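Subject: Structure handover

Hello,

Here is the structure I promised. Please open it alongside this email. My notes follow below.

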Amino acid sequence: MPEKMKRPTPRHIPATLEVAKSLYKTPALVCHRVRCGKLTCHCVEGQRHGPYWFLHWREGAVQRRRYVRQVDVEAVRAVVVGRRRDDREMRRAVALAVADLRRMRTWLRDLGAA
Ligand SMILES: [Zn+2]
């Protein structure tokens, strides 16, 4: 593609931020120590590495996790916290709507019985 046709380079968006935003369910941001997998490492039996931050989520029966770079932790946390708040508000709105429908159903039944 000719140079002038190229789009301006988009601002770098950390991959973990995209994961935190785009997963169907809000992932959990958790901090823990890990084993590196080398059989000769001290972490096999002793102190593990870290702690490091990860996003955890479930895909069907499979628990998945993704490492979050230290520089991205605050941005990822903001996304997760914001999504949790949105999820809570959505659940509350749905619960209110369901309660309204139940009341209407009761009224209609009572009208029919009258
Ligand atoms: Zn290790």
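Which strands does helix α2 lie across, and at about what angle does the helix run to β1? Helix α2 covers residues 73–113 and lies across β1, β2 and β3. Its direction is at about 140 degrees to β1. Bear in mind that this is a predicted model.

The sheet

Three strands form an open sheet. Their order is β1-β2-β3, and the pairing is antiparallel. The edges are β1 (28–34) and β3 (62–68). Each has a single partner strand, so one side of each is left without a neighbour in the sheet. From one strand to the next, the twist averages 45 degrees.

Look next at the pairing of β1 with β2. These two strands run antiparallel and are joined by six bridges. Take Ala28 as an example: its bridge partner in β2 is His56.

Trp57

Now to a single side of the story, one residue. Trp57 sits in strand β2, which spans residues 49–59.

What does Trp57 touch beyond its neighbours within four places in sequence? Its contacts there are Leu23, Lys25, Pro27 and Arg64. Tyr24 is 33 residues away from Trp57 along the chain. The C-alpha atoms of Tyr24 and Trp57 are separated by 9.9 Å.

Best wishes

Methods
Residues numbered from 1 in each chain as written. Predicted model: local features only at pLDDT ≥ 70, side-chain atom pairs only at ≥ 80, totals over all residues. Helix = DSSP H or I, 4+ residues; strand = E, 2+ residues; numbered from the N terminus. Contact = placed C-beta atoms within 7 Å. Pairing = 2+ DSSP bridges. Axes fitted to C-alpha atoms, helices over the stretch in contact; angles between N-to-C directions.
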